[in-house]
Amino acid sequence: IIPVEGVEFSQRALTPLSEDKFLKLFQQGGDLGLLLRLTANELRSDQQGSDRILRNRPRRGVEYEEFRRRVLHLTALYQAHDLYVEQIVVQQAITLPTQNAEHAAVVVDAFEKGYRWAEEGATGALTRKVVGRVVISNYDLLSLTSEERKQLYLYTNTLRDNEIFIDVRPDHPGGDYPYRGTVQLRAFLGVLAFLARGIVEEVEYHVEQDARTGAVQINPVNTMEIMEGTSRPSESAFSGSYEGKTYSILNGDSPAAIWNLEAFRIINQLYELSVDPSDFGKRVSPAITIAK
């Protein structure tokens, strides 16, 4: 076991999760509700001209309950195939005179950067598709006009790396419970701290979904239930000891058990995603000596 310390600890444990890593986990088939409950530090909305923060911490009471209801609403929309979690794609264009020789170098350089040439009478345009930030919405981004996508692209580019824009609009599925704001993602250490507090110090509790939310397959009380005891239960899938107590994740095939095991899998993937591929070559393998 190679310990994590110093700069590596800061990069892997303290750096907030970026939106592209969240998207990778989601595209692996991760449950949206579980991902948000694990990784989200807070939802920040703009309602009636003032920011409203909904923190994902049980001790925040009303804030926490509204956070859970919002996550349940997004989950229900996703399970009904009415939610989009995708990156914005816009078309960048540069218009140049076709007959001007001095622009030849510009055109060649643009080709190398992925632009394509399209003649339009006496002028021509260099165009390329550019992929922007992730948006969680109840409408297809392609249904927006080019100008609307451009404005959304420019706005979301002002967000931090650990923020994802959420836009649940009226007049679309689930729009009777609209929301416009961002979700702020935690660092890996923040995820662990949230789960640790949930054992005794800051226990999660049941939150009923909003009346405007559709059917949700499962709404567990705990984001991940960790059993605390003096010994390892026979039905545990994973277990570890600390200061005389044993902490376990139970095995099973019930929906709650499957949810729990999925949460454990995501935590492992979060840790692995925090490793830069170039770091693997820097790690020193332990020497093994075989006596003759």
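I began with helix H8. The buried residues of H8 pack against helix H2 (19-27), helix H3 (32-39), helix H7 (188-197) and strand S10 (245-250). Helices (H or I, at least four residues) and strands (E, at least two) are DSSP runs, numbered from the N terminus. Contact means heavy atoms within 4.5 Å.

This is a predicted model: local features need pLDDT of at least 70, side-chain atom pairs need 80 or more, and totals for chains, interfaces and linings use all residues. I number residues from 1 along each chain as its sequence is written, and side-chain values use heavy atoms, without hydrogens and water.

Which residues of H8 are buried? I listed Ala 257, Trp 259, Asn 260, Ala 263, Ile 266, Ile 267 and Leu 270. Buried means under 20% relative accessible area, exposed over 50%, partly exposed in between (1.4 Å probe, protein chains only).

Next I looked up salt bridges. The rule asks for a side-chain nitrogen of Lys or Arg within 4 Å of a carboxyl oxygen of Asp or Glu. I noted 15 salt bridges.

Arg 133 and Glu 19 form one, at 2.7 Å from N to O. Arg 133 lies in strand S5 (residues 123-137) and Glu 19 in helix H2, so the pair ties together parts 114 residues apart in sequence. Arg 133 is buried at 10% relative accessibility. Glu 19 is buried at 9%.

I then checked Arg 44 and Glu 42, whose closest N and O atoms are 3.0 Å apart. Arg 44 is partly exposed at 30%, whereas Glu 42 is buried at 5%.

Last, I found a network of salt bridges linking Arg 57, Arg 59, Arg 197 and Glu 202.
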